[in-house]
Amino acid sequence: MPKLLTGAEIVFKCLEDQKVEHIFGYPGGAVLPIYDELKNHPSIKHILVRHEQGAGHAAEGYARSSGKPGVVLVTSGPGATNVVTALTDAYMDSVPLVCISGQVPTHLIGTDAFQECDTTGITRPCTKHNWLVKDINDLSKVMHEAFTVATTGRPGPVLIDIPKDIQFAKAKYKKPNKEKKLNGKSHNKFSQDQIDELVTLLSKTKKPIIYSGGGVINSGPKASQALREFVELTGFPITSTLQGLGAYPGDDNQFLGMLGMHGTYEANNAMHDCDLLINIGARFDDRITGKIDEFSPNSKKVHIDIDPSSINKIIKVDLAIVGDVTSVISKINKTIAKRKNGHSKSNKSNIAKWWEQIEKWREKDSLNFVNSDESIKPQHAVQRLYELTKDKDTYVTTEVGQHQMWAAQHYKFNKPNRWMTSGGLGTMGYGLPAAVGVQIAHPEKLVIDIAGEASVLMTMQEMSTAVQYNLPIKIFILNNQYMGMVRQWQELLHEKNYSESYSEALPDFMKMAEAYGCKGIKADNPADLDDKIQEMIDYDGPVIFDCHVDPNENCFPMIPSGKPHNQMILGPKDQEENKIKGKGKALV
Amino acid sequence: MPKSKSAYSVPTKKQKPDTYIFVVWVDNEAGVLARVVGLFSGRGYNIESLAVAEVDAVKNISRITIVTTGTPQVIDQIRLQLTKLVPVHKVAEFKREDKDVIFKEMALFKVVGKRNKIEKCLNACKKFNPVILDETKSSAVIQITALRREIDVMNKKLKPLGLVSTSRTGAVAMTRGAKIFN
């Protein structure tokens, strides 16, 4: 007769068989049996966070930067409710997380017991699936299924709620099934006909654009490789969503920069005027499309996505290919290569005029800003940070707001999995804990959180985690004393009524660094900026970098919400020029 | 209040919504109905009626029938989103006007009143296989099976004749002929 294991032992057996090396968590009454078992499993390292939201974001950073699922362990009640923000964030951005939560013993469920909450009820809309394990004999099967659900198809978070008595109860352990049961949810059954149809479209187009997204990153490094080949084969211009940055080299000439609300002039105009739009692993988010009725009005639209429910959700497309980005693009590349008469050559001449037009848009230099000798411009700070770190294999996380957009615009990513940001949910406070997770996954790499002072205060306590595990993360705060993006919208759209967007009593970040036991660096003079950044990079340990920037700077270009792509508000230089011409406010 | 200059996305051209019937086969497990219903409420879809019961005790399968309204785009989304749920095995949907599908609902009417009024009620229900399930001197419980719309009509019609309480099952559906949903 096989040995009976306790629920807690089974949890770790499963984690070992799923090759989990790190879990992010916080102990509490209802998970104590699992924490008690931790000491017997040296291959699994537990990272103690300071708040369960931090555990969730750290696991997200870990997953996004490594391609492996992030594992979270929290207690019942407040432990579970605190992790909800991170689960929702992971759900929106398709990050594979497996969250294990403790629950009160089964006989107390429903009695309003101490630290009880309806965890599976609360997390149902923010997970791909969740389970309440009421029978110890189901535990190993559920654990393995959880990893399968989290990592297959469009990835996402899952949650397993384990009552305390189940953690003590005993059962046989079952190994994971080799074959994956998909329950009719296979997402890789595209046909060669679809590929042929696409390749025919490619050969006819005169004004194409490729619009790639986070799906390329999620599909793995091979997808980025295939995408690069595809772009090279076709000679087409490519733009990327916020989540897709890094899939294609940011400094390549065929790359038009990010598109959407704070995307470049050339990318958005190309989206608007193109005759063929190829969406690869993106989901036509409202920050990308702007006004739906006027979105890319004259184009044939192709959508490649692993999630069938993404197709036609917002934008009707002419050709949908449901499949994994890696296999779809590889197939396309092969098909292009097979077609005779050197398709790529003839096609490149087809689109020469289109490139001329794009170069004209590029001349606008829409990411421009007026630099200053007196105050540090935030864009300048990001540019200097990029120049001083680009030779290292740097991982960047961000919080949410102006600094996030400046980072996306001015930091150029050349590899996938190097850019971790909260795009869908837009969670302020994501970046610092995410940096913790990234550094755990990549202990030798430079990890920087480009932060805003308002966002970073939301999860500041995780500095303590960084110090505990000696994680040399660099928190690069663009400190403008405002909730900058809120202030910008109030300036542009609410008649400068800066309602509650100014932080009156900010902490002294230098003293804060000292209090946490890490290094603090402060910069407020453009002349010293490079030296200070270098000092930050060279320091072997966590750093809080308080970069005082011009508080009145706005993030341009910008498409006001609800407007189409060709009605962008451009930066100060352009606004100045238009004033001289008597055109008034620039709505190009 | 001065007109706000604030920019935000506003809904634009709307398509006409139609009535559709969804049939969903799910694992009969705790919380599965909440997942399906939560998907509808969370994404702002309508539920006009809902009928659910286990149909295969061996395989542990329940069959959910949902009547909903939506534009073709919304209906597509409902199908695709339902299909993504882990305990969902298959999803079928069809238009209310579909001739190949039988679409029935059962209703119980309690009528209180004098004999002649109850007779009138029974007469009015004649087309819908009325069955008297309970009868006293001054009351009757009448069961009918009909289309949703027909039950709506009967419900109105019987009010002046002493209808005091209505209970309906919600629509269930089945294809005609030898064909089954796939």
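Biologist: Which are the buried residues of α18(A)?

Modeller: They are A:Q402, A:H403, A:Q404, A:M405, A:W406, A:A407, A:A408, A:Q409 and A:H410. A residue is called buried if 20 or more other C-beta atoms, placed from the backbone, lie within 10 Å of its own, exposed if 12 or fewer do, and partly exposed in between. Helices (H or I, at least four residues) and strands (E, at least two) are DSSP runs, numbered from the N terminus. This is a predicted model, in which local features need pLDDT of at least 70 and side-chain atom pairs count only at pLDDT 80 or more, while totals for chains, interfaces and linings use all residues. Residues are numbered from 1 along each chain as its sequence is written, and chains are lettered from A and ligands numbered from 1 in the order in which they are written.

Biologist: What do those residues of α18(A) pack against?

Modeller: In chain A, they pack against the strands β11 (255–258), β15 (395–398), β17 (447–452) and β18 (474–479), and against the helices α17 (378–389) and α22 (484–493). Contact here requires C-beta atoms, placed from the backbone, within 7 Å.

Biologist: How many residues does the largest nonpolar core have?

Modeller: It has 168, and A:V72, A:L87, A:L97, A:L227, A:I475 and A:I477 are those with the most contacts inside it. Such a core is a set of buried Ala, Val, Leu, Ile, Met, Phe, Trp, Tyr and Cys residues joined through C-beta atoms within 7 Å. Helix α19 (residues 431–441) of chain A contributes the most, namely seven residues. A second, separate core of 21 residues includes B:I64, B:I75, B:L82 and B:A171.

Biologist: Which residues is A:V72 in contact with?

Modeller: Neighbours within four places in sequence aside, its contacts include A:I23, A:F24, A:A55, A:V83, A:L97 and A:I100.

Biologist: Turning to chain B, what is the strand order in the open sheet?

Modeller: The four strands follow β2-β3-β1-β4, with antiparallel pairing; two strands pair if DSSP finds at least two bridges between them. β2 (49–56) and β4 (88–95) of chain B are the edge strands, each with a single partner, so one side of each has no neighbour in the sheet. From one strand to the next the twist averages 20°.

Biologist: How many bridges join β1 and β3 of chain B?

Modeller: There are 10, between β1 (residues 18–27) and β3 (residues 61–70). B:Y20, for instance, stands opposite B:T68 in β3(B). Helix α1 (residues 32–42) of chain B packs on the sheet and touches β1, β2 and β3, its direction making about 150° with that of β1(B). Axes are lines fitted to C-alpha atoms, for helices over the stretch in contact, and angles run from 0 to 180 degrees between N-to-C directions.

Biologist: Back in chain A, why is β13 largely enclosed?

Modeller: Five of the six residues of β13(A) (residues 300–305) are buried, so the rest of the structure largely encloses this strand. β13(A) pairs in the parallel sense with β12 (residues 276–280) over five bridges, and with β14 (residues 319–322) over four.

Biologist: What is the average pLDDT of chain A?

Modeller: The average is 93, and 95% of the residues score at least 70; pLDDT is the predictor's confidence in each residue, from 0 to 100. Over residues 579–588 of chain A, however, the pLDDT is below 50. Where pLDDT is low, the predicted coordinates should not be read in detail.

Technical notes. Contact = placed C-beta atoms within 7 Å.
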